[in-house]
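Visitor: Hi! Could you walk me through this one, bit by bit?

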Amino acid sequence: MGRKHRRAAEAVPLRPIGAVTAVQSHPDGDWHVRPISGSVAAKAYRCPGCQQEIRPGTAHLVAWRADTHDGDEHRRHWHTPCWRARDRRRPGG
Ligand SMILES: [Zn+2]
């Protein structure tokens, strides 16, 4: 039961699930950032900031590039503190 039928005429980039997706400017570009509440975090993810697992039920965030066309396909799940610490780790900062 694959998803072979695509409704090309109705592309919905963001589902209205109640979360607010913000655009943040960072030294490496603009990023979409969407907070994920613990109640909807049903899967475990690997945080690219600390290489630790984000356990199900943990509030965290999803970030993806806003300034590249394919950024939407490269979403990363981050611990919220790891995302915030990201800028502070930049070289020369
Ligand atoms: Zn982390």
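Predicted model: local features only at pLDDT ≥ 70, side-chain atom pairs only at ≥ 80, totals over all residues.

Guide: Happy to! Residues are numbered from 1 along each chain as its sequence is written.

Visitor: What is the mean pLDDT of the protein chain?

Guide: The mean is 82, and 74% of the residues reach 70 or more. pLDDT is the predictor's confidence in each residue, from 0 to 100. Confidence is lowest in strand β1 (residues 22-26), with a mean of 92, and highest in strand β4 (residues 53-54), at 98.

Visitor: How many helices and strands does the protein chain have?

Guide: One helix and six strands. From the N terminus on, the order is β-β-β-β-β-β-α. Both kinds are DSSP runs numbered from the N terminus: helices are H or I with at least four residues, strands are E with at least two.

Visitor: Which strands form the open sheet, and in what order?

Guide: Four strands, in the order β1-β2-β5-β6, with antiparallel pairing. β1 and β6 (76-78) are the edge strands, each pairing on one side only. Neighbouring strands here are turned by 35 degrees against each other on average, direction ignored. Two strands pair if DSSP finds at least two bridges between them.

Visitor: How many bridges join β1 to β2?

Guide: Five, and β2 covers residues 29-36. These two strands form a hairpin with two residues between them. Alanine 22 has valine 33 as its bridge partner, and glutamine 24 has tryptophan 31.

Visitor: What about the remaining pairs?

Guide: β2 and β5 (residues 60-65) are joined by six bridges, with histidine 32 opposite tryptophan 64. Between β5 and β6 there are three bridges, and alanine 63 is partnered with arginine 76 there.

Visitor: Switching topic: where is valine 62?

Guide: Valine 62 sits in strand β5. It counts as partly exposed, because it has 18 C-beta neighbours inside 10 Å.

Visitor: Which residues is valine 62 in contact with, leaving aside its neighbours within four places in sequence?

Guide: Arg34, Ile36, Arg75, Arg76 and His77. Contact here says that the C-beta atoms of two residues, placed from the backbone, lie within 7 Å. Histidine 77 is 15 residues from valine 62 in sequence and 4.5 Å from it in space, C-alpha to C-alpha.

Visitor: Last one: of the contacts between residues at least 6 apart in sequence, what share joins residues at least 24 apart?

Guide: That share is 41% in the protein chain.

Conventions:
Axes fitted to C-alpha atoms, helices over the stretch in contact; angles between N-to-C directions. Buried ≥ 20, exposed ≤ 12 C-beta atoms within 10 Å, placed from the backbone.
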